[in-house]
Amino acid sequence: MSKEHLKQTLSPLSYYVTQENGTEAPYTNEFDEHFEEGLYVDIVSGDPLFTSKDKYNSGCGWPAFTKPVQKEAVAYTQDVTHGMVRTEVRSSGADSHLGHVFPDGPPELGGLRYCINSAALRFIPISELKEQGYEAYLKLF
């Protein structure tokens, strides 16, 4: 998709986050306190990224997940902006900036915390997976 098309179809915040490596404000975003069962997909491509089964309340102000739905769903790059060294998480299919991954997640669940911007995600409730073409993911629930 062209940048122009994305500017017309995404909200300004979603465009800023996914295409300009932005970050939304903590604690005021759509999915931080959202715990309905379902699938989180890339807002740009619709590619599945995370499930509600792997979401937890980390207290960081953004949605937190212990792992992606599939290893191949995300890609990693080193981010040295803002005077820090972090691991950036991007969607593999659309190369959307999603957020960062940190090694301070629940140890019993692998120890990772995927800190993801709500503006990079679209949520599909479990009751709508089949009608929206994600029937294969029903088995995860």
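Trainee: Which residues does S52 touch, leaving aside its neighbours within four places in sequence?
Mentor: S52 is in contact (heavy atoms within 4.5 Å) with E36, E37, G38, Y40 and F141. This is a predicted model, where local features need pLDDT of at least 70, side-chain atom pairs count only at pLDDT 80 or more, and totals for chains, interfaces and linings use all residues. Residues are numbered from 1 along each chain as its sequence is written, and side-chain values use heavy atoms, with hydrogens and water left out.

Trainee: S52 lies in a loop between β2 and β3, so why is S52 called buried?
Mentor: Buried means under 20% relative accessible area (exposed is over 50%, partly exposed in between; 1.4 Å probe, protein chains only). S52 has 13%, so S52 counts as buried. The loop sits between β2 (48-51) and β3 (55-56); strands here are DSSP runs of E, at least two residues, and helices are runs of H or I, at least four, numbered from the N terminus.

Trainee: What makes Y40 and F65 an edge-to-face pair?
Mentor: Rings of Phe, Tyr and Trp (its six-membered ring) pair if their centres lie within 6.5 Å; planes under 30 degrees apart are stacked, over 60 edge-to-face, the rest tilted. The centres of Y40 and F65 are 5.2 Å apart and the planes meet at 70°, so the pair is edge-to-face. Y40 in strand β1 (residues 38-42) and F65 in strand β4 (residues 64-65) are 25 residues apart, so to speak a link between distant parts of the chain. Both Y40 and F65 are buried.

Trainee: How many aromatic pairs turn up in the whole structure?
Mentor: Eight. Ring pairs tie F31, Y40, F50, F65, Y76, Y114 and F123 into a cluster.

Trainee: Which residues of α2 are buried?
Mentor: S14, Y15, V17, T18 and Q19. Their cover includes α1 (3-9), β6 and β7. Just after α2, N21 takes a positive phi of about 60°.

Trainee: Which residues line the largest pocket?
Mentor: Y16, E20, N21, G22, T23, D79, T81, H82, R86, E88, H97 and H100. The elements giving two or more residues to that lining are α2 (12-20), β6 (86-91) and β7 (97-102).

Trainee: How does the lining of the largest pocket split by class?
Mentor: One nonpolar, seven polar and four charged residues. Asp, Glu, Lys and Arg count as charged; Ala, Val, Leu, Ile, Met, Phe, Trp, Tyr, Cys and Pro as nonpolar; the others, Gly among them, as polar.

Terms used
1 Å grid on protein atoms, 1.4 Å probe; cavity = no way out; pocket = protein on both sides within 12 Å on 5 of 7 lines; lining within 4 Å.
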